[in-house]
Number of protein chains: 2
Amino acid sequence: MHLANQVLDGNIRAAARLMRDIDDTRPQAIDELKLLYPHTGKTYIIGVTGPPGAGKSTLVDQLTETFRKQGKKVGVVAIDPTSPFTGGAILGDRIRMSRHADDAGVFIRSLATRGALGGLSRSTSDVALVMDGLGMDVVIIETVGVGQDEVDIVKAAHTTCVVMVPGLGDDIQAIKAGILEIGDVFVVNKADREGADRTARELENMLEMRKSVEGSWSPKVLRTVAQSGKGIEELVGEIVAHKEYLFSSGTISDFLRERNERNFLEILRDNLFKKAMTFVEQDGGLSRVLDRIGTHETDPYSAAEKIMSKILGAAVEQ
Amino acid sequence: MHLANQVLDGNIRAAARLMRDIDDTRPQAIDELKLLYPHTGKTYIIGVTGPPGAGKSTLVDQLTETFRKQGKKVGVVAIDPTSPFTGGAILGDRIRMSRHADDAGVFIRSLATRGALGGLSRSTSDVALVMDGLGMDVVIIETVGVGQDEVDIVKAAHTTCVVMVPGLGDDIQAIKAGILEIGDVFVVNKADREGADRTARELENMLEMRKSVEGSWSPKVLRTVAQSGKGIEELVGEIVAHKEYLFSSGTISDFLRERNERNFLEILRDNLFKKAMTFVEQDGGLSRVLDRIGTHETDPYSAAEKIMSKILGAAVEQ
């Protein structure tokens, strides 16, 4: 029996195994994802992003609990910075898991920020698809929202919550601007701290500067204290309001189309590169190419073009 | 006359034009880069990275001045966060330029963090290559070192300076760990602030935890106050010491080989994708592919495979 069918039957072990296969980029994982695909699209994905120290993990925990109380199954995909010492994620599954260890309605998976460019956003989508197939009603994707990579990851989410905290200094302004356009809901967490009002006002001012189209969604700035649970209910309410807007306005179809576009292009990019590497191997291997660039016998641009022409001429030579 | 030859003659306008062509991804830019390539490799590249608010720009300014006093020509490639309001870089060339506007020995170029995944690291390398061809003795690449993207960018540098500041909070620890392995020199800037000693000690402790191989480079933690220029001379001294280590230990050849590998693979990835898009066009265009994914007639994995087989069968069909 295919892993995909077991996942669709709600088999958590099968889901975990498929995610491992995705992580290890085993080719059979793609076949399983193809089988899963037609049965997915039911999960609502929430992105939670913001600078380090904003209390995102605690907030995600609180959201998870609130959705569980509503009887919803919750998946969490946490993108953790990789430790250079262990090679593993700094906040691993184990730490996160312990809190919901006895709850079969919660499935948590950490992905580490390592590997090739673009790869992380791709595996996040694939892991979310498995959670979708597994029957999770809600999937929360949590990332440190600073780099372009992380911003791309949350684009997979229906509703993106941008989390800020008081007192991160004025210089952080640039980053605030960068994530301003991706937020559907803004949260000033640790709102019991000094400066919370100022941070919230600043965010509101920046949001007002954006020209909003008539009838489009206007993001609000909410205040939470994730540690104590204060404001979480209001946050869930705002997420639900955004979801209702997406569907009632018809914006959902644009969103899905853009997400499909990113997925398709990422997969294409990835496949192409893997294939190209087999041609590099046939051409004497990467090592020989680098020798020739090193001695200035060729340059990286010409070397890449040579491989290109081999790929395009492949059918003739075979 | 080719732009490349004009650049090699020290023509600053030609360099600026070539950089614009690179930005616009005009195909002729590649031909110019190929012509430049054999004449490059003389520039020493310094990476400056760290969280927002660490005072990197001021530090880069001070480094620029110090190198200028030594009679060296200095290029600066600043990777600035993109503003969602203007589409342009938040700290533009103009602001940065004004300080060195009358100095023909300083060439400053800002790149904005927009565009496709991987594209930024690629254009940073290309821009640095033009500065190399132009005869800059030193090129300083400045990035906000938080995302994987930015980390990849500074890998092009011979010597990478990681800049921290006191009082960014404990939660920033994870990011510290992430950039720990890429630093050749660590700088606690704004060292006149409270907590500078603690930050420096923490960094030193983390560095000590790394098992260092006999005879390998041991990064030091320096203190600077970029605003007043304090500690800048020591920083330049440490950069020079690292440069001497690179050459005397022979590590330079490993470094160059790894850099060539990244360059070659990035260029290959980029070319492949552009080519693939022409096949998508021939297949009815991206829009039709997305229609078919949207109706679940196909899935993104199968759609990508279809394009792959078209590329590999190209020579037969033509």
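**Note on the predicted two-chain model**

1. In chain A, Leu268(A) belongs to helix α11, which covers residues 251-282; helices here are DSSP runs of H or I with at least four residues, strands are runs of E with at least two, and both are numbered from the N terminus. Leu268(A) counts as buried because 26 C-beta neighbours lie inside 10 Å, where buried requires 20 or more other C-beta atoms within 10 Å of the residue's own, exposed means 12 or fewer, and partly exposed falls in between, with C-beta atoms placed from the backbone. Apart from neighbours within four places in sequence, Leu268(A) is in contact with Ala276(B), Ala304(B) and Ile307(B), contact meaning that the C-beta atoms, placed from the backbone, lie within 7 Å.

2. The model is predicted, and local features need pLDDT of at least 70, side-chain atom pairs count only at pLDDT 80 or more, and totals for chains, interfaces and linings use all residues. Residues are numbered from 1 along each chain as its sequence is written, while chains are lettered from A and ligands numbered from 1 in the order in which they are written.

3. For chain A as a whole, the secondary structure comes to 14 helices and 7 strands, and buried residues make up 47% of its 318 residues. Of the contacts in chain A with a separation of 6 or more, 72% come from residues 24 or more positions apart.

4. Chain A is assigned domain 1 (1-39), domain 2 (41-247) and domain 3 (267-317), with bounds that come from an automatic or database domain assignment. The contact between domains 1 and 2 of chain A takes 13 residues from domain 1 and 10 residues from domain 2. On the domain 1 side that touches domain 2, α1 (3-8), α2 (12-23) and α3 (27-36) of chain A each supply at least two residues, and α2(A) gives the most, with 6 residues. That side divides into 10 nonpolar, 2 polar and 1 charged residues, counting Ala, Val, Leu, Ile, Met, Phe, Trp, Tyr, Cys and Pro as nonpolar, Asp, Glu, Lys and Arg as charged, and the others, Gly among them, as polar.

5. In chain B, an open sheet of 7 strands has the order β3-β2-β4-β1-β5-β6-β7, with parallel pairing; two strands pair if DSSP finds at least two bridges between them. Because β3 (106-112) and β7 (220-223) of chain B stand at the edges with a single partner strand each, one side of each is left without a neighbour in the sheet. Within the sheet, strands β1 (residues 44-50) and β5 (residues 159-164) of chain B run parallel and are joined by 4 bridges, and Thr49(B) has Val162(B) as its bridge partner in β5(B).

6. Two residues of chain B deserve a check of their backbone. Thr25(B), which is not a glycine, has a positive phi of about 45°; Thr25(B) lies in the loop between α2 (12-23) and α3 (27-36) of chain B, and is partly exposed, with 15 other C-beta atoms within 10 Å. Lys190(B), also a residue other than glycine, has a positive phi near 55°; Lys190(B) is placed in the loop between β6 and α9 (196-209) of chain B, and counts as buried, with 23 C-beta neighbours inside 10 Å.

Conventions. Contact = placed C-beta atoms within 7 Å.
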